[in-house]
Amino acid sequence: MKLGIVGGGQLGRMLAIAGVPLGLECQFLDPNPQAPAGAIAPLNVSAFTDQRALRALARSSAVIGFDWENVSVEALRKATRGSGARIAPPLRALATGQDRLLEKRLFERLRIPTTRHAAVNSRAALWRAAAAIGLPGVLKTRRLGYDGKGQAVIRKHADLDAAWQSLGGVPLLYEEFVPFDLEVSGLGVRARDGTVALYPLVRNWHDEGILRLSMAPWQAPALERQARRHVRAVLREFNYVGVLAVEFFVRNGRLIANELAPRVHNSGHWSIEGAVTSQFENHVRAMAGLPLGSVASTGHSAMINLIGQVPPAAQLLQVPGLHLHDYGKSSRPGRKVGHCTIIASSAAERDRRTRSLLRALHLRLKQVP
Ligand SMILES: Nc1ncnc2c1ncn2[C@@H]1O[C@H](COP(=O)(O)OP(=O)(O)OP(=O)(O)O)[C@@H](O)[C@H]1O
Ligand SMILES: [Mg+2]
């Protein structure tokens, strides 16, 4: 079966790899001729809005999906109409996942606690939002943000001008700055027949807005119960098919939803080696209408992102049991170019090995156990 995927980044690449043993062939559309998925599967180099290319993808695929959320919902809807291809995950989830304001509204509708926020469409509205919600706050573009891009933290009134200067002109969202104790994410997968499976809770460490480290399972039963309830509610709401992630802040033992991703997620990369069935395999299984695989963890995982450039493999692979994923991307500061995962037989051993790996990578993170 052929799966057509719009976007051929590292997520697409790992989806393609997961599909191979199942006889699921991915094909991609991406404007970048060097898109990482192109090394694994056919890549049509075209703009995301190119109707001709999208239609060709839809006609030659049983199912159409996407590997990032900033693709045009309208272009996809139009291209798939009458093509015979199904779309998974659903476009309604994509439309929500690409707009921070719609995400917040969804969380509110589903009674999932989220940050206090206000839409900001003018300079005056920013000052009003800061007065109503208070400082500190974070101003974010509603669309197209990733890895902390398109955001400005506002600590004092004097910061408002600079934030407006750097981000104004597009629809924005102002929200309270959450002095969180930690960050976690919940990943779930829903099959075509409505079966749901929820991965163990993941704890995440960010630095400068970029995810650096994820650990799973993160053993915090009360938090995990809340996350499972929330992720399940979102999956049900969209009649969802595929993997979905929700990112949360944790404060005083309560989850506060930050954002959702209607796709496989960086905080689920540990599942390639650390779960019976990886998020990538379960996503392509769900897209193809196949039964889901077990989401149980096989050990205690830590996943570290490689940012900027991949250190020499000969150095990384000296670490016993380390799994290296080099996305084949060119080096650039702040760019996610790979990740590595270790799996330990206990949480204590995972923590010890993670600390030593972080040291070797010259990465300093707060509150790593
Ligand atoms: N309101 C907030 N209060 C405190 N910290 C925040 C807030 N919003 C964002 N952050 C910090 O910045 C990180 C990135 O923010 P967010 O998830 O909104 O952005 P993003 O660009 O969509 O990132 P990604 O797509 O990589 O998840 C968060 O994980 C968190 O560490
Ligand atoms: Mg995020």
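The model is predicted, so local features need pLDDT of at least 70 and side-chain atom pairs count only at pLDDT 80 or more, while totals for chains, interfaces and linings use all residues. Residues are numbered from 1 along each chain as its sequence is written, and chains are lettered from A and ligands numbered from 1 in the order in which they are written.

**Domains**
- The protein is assigned domain 1 (2-87), domain 2 (116-176) and domain 3 (182-360), with bounds from an automatic or database domain assignment.
- The centres of domain 1 and domain 3, taken over C-alpha atoms, are 23 Å apart.
- Their contact (C-beta atoms, placed from the backbone, within 7 Å) takes 18 residues from domain 1 and 16 residues from domain 3.
- On the domain 1 side of this contact, helix 1 gives the most, with seven residues.

**Helix 1**
- Helices (H or I, at least four residues) and strands (E, at least two) are DSSP runs, numbered from the N terminus.
- Nine of the 10 residues of helix 1 (residues 10-19) are buried, so the helix is largely enclosed by the rest of the structure; buried means that 20 or more other C-beta atoms, placed from the backbone, lie within 10 Å of a residue's own.
- Among the elements covering these buried residues are strand 1 (2-6) and helix 10 (279-288).

**Ligand 1**
- Ligand 1 is surrounded by 17 residues, each with its C-beta atom, placed from the backbone, within 6 Å.
- The closest are Val 138, Gly 145, Tyr 146, Val 178 and His 206.
- Domain 2 and domain 3 both give residues to this shell, so ligand 1 lies between them.

Note on methods. A residue is buried if 20 or more other C-beta atoms lie within 10 Å of its own, exposed if 12 or fewer, and partly exposed in between; C-beta atoms are placed from the backbone. Two residues are in contact if their C-beta atoms, placed from the backbone, lie within 7 Å.
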